[in-house]
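Take the sequence and the coordinates below and follow them through a few local features.

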Amino acid sequence: MRFFEKTSPYKQLLNLSLLASFILRIVLLFHPITSASFSWGEIGKIFVLGLLSDSFVFIVGSGLIWLYLLFLSNSKYDKPWGYVIFGGLVALLIYVSFFNTILNEYGGVLPEIGISFVALKTVLFGLLLFLPQYKSKIRLVLFSIAIFIVTLVIIQNSISEFFFWNEFGVRYNFIAVDYLVYTNEVIKNIMESYPVVPLFSIVGLITAFFTYRIVKKSKPFLEKLPTFKEKKQSTIGYIVLFGIGIFLIPALAKQETSTNVFANELQANGLYRFYLAFMNSELDYNKFYKTLPENEAFALLKKQIPTISNNTTERKIIASNPEIKKNVVLITIESLSADFMKCYGNQQNITPFLDSLATKSTQFSNLYAVGNRTIRGLEAVTLCLPPSPGESIVKRKDNKNKFSTGSIFKQKGYTVKYLYGGDAYFDNMEDFFSGNGYDIVDKKTFKPEEITFSNVWGVCDEDMAKKAIKVMNEEAKTGKPFFNHWMTVSNHRPFTYPAGKIDIPNDSKSREGGVKYTDYALKQFFEMAKKQSWYNNTIFVILADHCASSAGKTELPMDKYRIPAMIFDPTKSGTINPTLMSQIDVMPTLFGILNFNYTSKFYGQDIYATDYKPRAFIATYQDLGFIKDNVLTIISPKQKAKQFDLVLQSSTLPKEFQLMYDEKSKAKLDNKLVNETVSFYQTTSFLLKNKKYQKE
């Protein structure tokens, strides 16, 4: 079979793909973020099963290059077929250029892309047809371009996987799918974060080198193209391998069974992981996870939240003291891990202002983010419910008119706004917040003179701070209390910010610089706020949206979800509350402090209430975690459940600020905790699916 011989370009591209995957695995294995050791058995699976998976992923994914090689032919240019085909291409070009096609129905740039493709194909076919004396040279050039493109895809994918691992410590996942949707932001982020010209130059040189080698070795194939019989034999072989790959690739993925998460990630094929994430953006809880009978699930939930009634989370919250109608400013800080702060052991002095503010605030020292993305944090503090598998509610179509913190404030006569320094279109924030009654203040509302510095994510946090003060001053004039939710942006790659503000150079593009600049901007905000008439009548809630990294030795490493959180009232003194809690509890706790009377649907609870039972939720888009009684329970697709005993590592820090736990796998599951975990996540899914988490 000519297509699988040594001189075949297909065989050489397959070899290149396997070589790139092998080198990538070696690099990732020794990457600093890969904080695990491996047994010889795990290493064997990583490379042997990984190689097998890579081979079939290439075979299944290389259908287009196979068709390209299959249609390389001399006979199609012979009379009269050459002229017939050329005439057909000209007619097709006229049709797509001047008539309404399916591409016009879709709109956008698709018609232009279609016309360009057909025009290019027509011109190239015409050159080969009418200039037979140059056919070999023209074909060699076109063949070289095709090989260059495929080689570039292989090399670029390996580079992209490296940078994705460098950022998240995993193969492609749901975040990578999001990156395809927000291509503009991602490309700009890359342009601003990395030395793009040297990097692309190196990629181009590597691609050119391998293209040259493949084209040189393929000359015998081009000089004597396969006959129809040889093509038929090779194609039958390819179809058989394609069919085997369709069944074998998912079977190999099921062998990613190590307790070492890094071993599973290294064994996996990144492109197949991307495909799985793309196909499973929303996960049906009842289909993929452990379940209980509906009444039993709600009965268990009632033991955790005693005042709920029937199969809902609805309950009356009645305060014993008069309501307090203070203004509320909620600040969610981008990627602020707990271990960036001094009280959690950081010695870099990158959060001097927040360190100081924490001592004057009610500091919740044992609080966990529910997820590892901004929209999960926004979902948590807005809807106050556990994370659901798949995509965040913020990104779903059914994301409007939910029971939210904003709806409670509106009931109490507050003006409600969401403030964001970037374009709120990103991550569907504008659709979500406006659909839940928030007014939006984002980059589009800025006048040119209000912007002193911006990058791909938006205006710098200082500019947003100044804008926030203006907005709040205008709100204060109305005589109504206000609730403003500000999401910061500066602590995000590429970590660029105005020069001369902090002692870390603005061109260093370091995480520490991003953290310290955001801390500086918050200081400027509070210094401006102190001068305003509304300051002493305002409560400030400050917490992170998620940690800076979520990679670890287990699916849900505890320290990668621990975030700082505080409630600052200028009229009160500071205290530390070490109660175990989640992001979803922050706003219900605030409502308790304000003595709000309301009908709640929140899963989040006032942690000062006598019936609160300490627990926390942490999750990825498919692994759903529940922390209680020093045990981490994780439920996953395919009805899986596992548990870890949480053993606090020794530390010189005060106990309430100790972050690091050893997660020791439990040989025997505590079914009581498994069922409690299921009750929370299953009922959340039920209420959302049946539209019972609406504000009315």
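**Helices and cysteines**

Asparagine 595, which follows helix H23, has a positive phi, near 60 degrees. The model is a predicted one. H23 itself covers residues 586-593 and is mostly covered, with 6 of its 8 residues buried. Those buried residues are Val586, Met587, Pro588, Thr589, Leu590 and Phe591.

Next comes helix packing. Two packed helices are described by the angle between their axes and the distance between the axes. Helix H1 (residues 9-29) packs on helix H3 (residues 63-70) with the axes 10 Å apart and an angle of about 160 degrees. Angles over 145 degrees count as roughly antiparallel, so H1 is roughly antiparallel to H3. The crossing of this pair, H1 and H3, is right-handed. On the H1 side the contact is made by Pro9, Tyr10 and Leu13, and on the H3 side by Ile65, Trp66 and Leu69. Sorted by class, the contact of H1 with H3 has 6 nonpolar residues, no polar residues and no charged residues.

A second pair is formed by helix H2 (residues 40-61) and helix H12 (residues 228-253), whose axes cross at roughly 135 degrees and come within 8 Å. How are H2 and H12 oriented to each other? An angle over 145 degrees would count as roughly antiparallel, and one of 65 to 115 as roughly perpendicular; H2 and H12 are therefore oblique to each other. The crossing of H2 and H12 is left-handed.

From H2, the residues that meet H12 are Leu49, Leu52, Ser53, Phe56, Val57, Ile59 and Val60. From H12, the residues that meet H2 are Tyr238, Leu241, Phe242, Ile244, Gly245, Ile246, Leu248, Ile249 and Leu252. By class, the contact of H2 with H12 has 14 nonpolar and 2 polar residues, and no charged ones.

How many disulfides does a search of the whole structure find? The search finds 0 disulfides. Cysteine 547 is in no disulfide, and its nearest cysteine sulfur, that of cysteine 343, is 13 Å away. A disulfide is counted for a pair of cysteine sulfur atoms within 2.5 Å. Is cysteine 547 buried or exposed? Cysteine 547 has a relative accessible area of 5%, and because buried means under 20%, cysteine 547 is buried. Cysteine 460 is buried too, with a relative accessible area of 2%.

Notes
Residues are numbered from 1 along each chain as its sequence is written. This is a predicted model: local features need pLDDT of at least 70, side-chain atom pairs count only at pLDDT 80 or more; totals for chains, interfaces and linings use all residues. Side-chain values use heavy atoms; hydrogens and water are left out. Buried means under 20% relative accessible area, exposed over 50%, partly exposed in between (1.4 Å probe, protein chains only). Helices (H or I, at least four residues) and strands (E, at least two) are DSSP runs, numbered from the N terminus. Axes are lines fitted to C-alpha atoms, for helices over the stretch in contact, and angles run from 0 to 180 degrees between N-to-C directions. Angles under 35 degrees count as roughly parallel, over 145 as roughly antiparallel, 65 to 115 as roughly perpendicular and the rest as oblique. A crossing is left-handed if the near helix is turned anticlockwise from the far one by less than a right angle, and right-handed if clockwise. Contact means heavy atoms within 4.5 Å. Ala, Val, Leu, Ile, Met, Phe, Trp, Tyr, Cys and Pro count as nonpolar, Asp, Glu, Lys and Arg as charged, and the others, Gly among them, as polar.
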